[in-house]
Amino acid sequence: MIFVMGAPGLVGSDLVPLLQARGAPVRVGGRGHRHTLVEGEFEVHEVDYASEASIAGALTGCTALFLCTPFHVDQVTVEKRVLDIALDVGVEKVVKQSVPGVGRVEYPLAERHNEIEEHLRYLGLTDVILRPQPFMQDFAYHHGALIRREHRFLRQAAEGPVSWVDARDVAGVAAAALVDGQWNGETLTLTGPAALTGEEAGEIIGRVAGHDIACEVVTESQARAFMKEEGLRERDIEVLVQLHPFMLDEEAARVNDRIRQVLGRRPNSFADFAADYRAAFESTTPPPAEQPVEPRYVSGEYAERRIE
């Protein structure tokens with residue numbers, strides 16, 4: 001049995017059906033998302049991360065764990081608690097979704113996840129650590145409304161090219177890591193096939209949307225104010241703001257072939273992503289319900305699942 005913690009999230013929502021397609025028994029869990037479980041045959045456990053009994057009940061009987069909890073101030077404490085309990089109840093393997101640049105770029109998110117990664121290795125569980133670059137889907141879920149409404153999106157000052165990665169590819173790698181033993185003990189940095197500037201990303205989205213898309217450079221305070229006004233959750237705002245130091249580093253433009261190595265195909269390009277998420281960017285499309293929507297197991301209103 002594989003437990004997908006953070007199953008309602010961006011990667012977890014695509015990971016669940018991929019595991020099912022491989023015939024793996026799946027148990028899913030998160031906090032406060034029972035209503036989002038709309039299809040599929042899997043066990044459901046609503047997890048209270050503050051309760052050791054709740055975590056133990058969810059993990060008992062599972063041999064593998066996909067670990068991805070929402071960003072919050074106690075994330076290090078929570079994930080270390082989950083790992084300790086996983087060891088106690090007999091989980092043998094953990095695939096952890098981390099963040100880009102851990103051990104290579106100094107910024108708060110990386111420092112937190114580095115501590116969790118070190119704890120995982122200390123426990124001696126079989127591990128695979130995934131360090132995906134920033135997600136292409138950020139353009140749809142965090143910038144989509146502004147792109148539809150005003151034909152522009154925002155980036156913080158001085159951010160350079162980024163090798164954005166498709167979250168669906170990360171889910172594919174996570175599924176392979178959970179089911180296959182080939183990647184045990186590996187730390188996999190996952191990138192898109194090319195590094196793009198904000199202007200280049202806007203040009204690609206513009207071709208799909210049918211109109212020019214401007215990339216507007218703003219300060220951190222302006223970015224915070226805008227995202228709050230747009231209704232983003234505070235935790236999402238913090239993640240996006242705290243990624244800024246990484247975006248300034250040349251590591252953000254790093255490109256490798258890991259996704260091809262694991263999945264046996266090329267990673268999705270930014271053009272693939274933009275085409276699949278066309279409805280997020282077309283101004284003629286009525287805006288959907290408040291964004292960002294709570295993630296779901298059926299890959300979003302916008303996305304056509306790309307499995308090759």
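**A serine and a cavity**

Hi everyone. Let's start with one side chain: a polar atom of the serine 13 side chain sits 3.2 Å from the backbone oxygen of leucine 10. Before I go on, please keep in mind that this is a predicted model.

If you want to find serine 13 on the screen, look in helix H1, which covers residues 12-21. Is serine 13 buried or exposed? Serine 13 counts as buried, because its relative accessibility is 3%, and the cut-off for buried is under 20%.

How many cavities of 30 Å³ or more does a search of the whole structure find? The search gives three. The largest cavity holds about 290 Å³ of space. It is lined by 19 residues, and those closest to its centre are His143, Leu154, Arg155, Glu159 and Leu240.

Which elements give two or more residues to that lining? They are helix H5 (138-141), strand S7 (152-156), helix H9 (220-229), helix H10 (234-242) and helix H11 (244-247). Strand S7 provides the largest share, with four residues.

And what is the lining of the largest cavity like by class? There are twelve nonpolar residues, four polar ones and three charged ones.

So much for the tour.

Key:
Residues are numbered from 1 along each chain as its sequence is written. This is a predicted model: local features need pLDDT of at least 70, side-chain atom pairs count only at pLDDT 80 or more; totals for chains, interfaces and linings use all residues. Side-chain values use heavy atoms; hydrogens and water are left out. On a 1 Å grid over the protein atoms alone, a cavity is a set of points where a 1.4 Å probe fits but cannot get out, and a pocket is an open set with protein on both sides within 12 Å along at least five of seven lines; lining residues have an atom within 4 Å of a point. Grid points are joined across faces, edges and corners, and a volume is the space filled by probe spheres set on the points. Ala, Val, Leu, Ile, Met, Phe, Trp, Tyr, Cys and Pro count as nonpolar, Asp, Glu, Lys and Arg as charged, and the others, Gly among them, as polar. Buried means under 20% relative accessible area, exposed over 50%, partly exposed in between (1.4 Å probe, protein chains only). A polar contact is a pair of N or O atoms within 3.5 Å; within protein, one must be able to donate a hydrogen and the other to accept it, and residues adjacent in sequence count only if both atoms are side-chain atoms.
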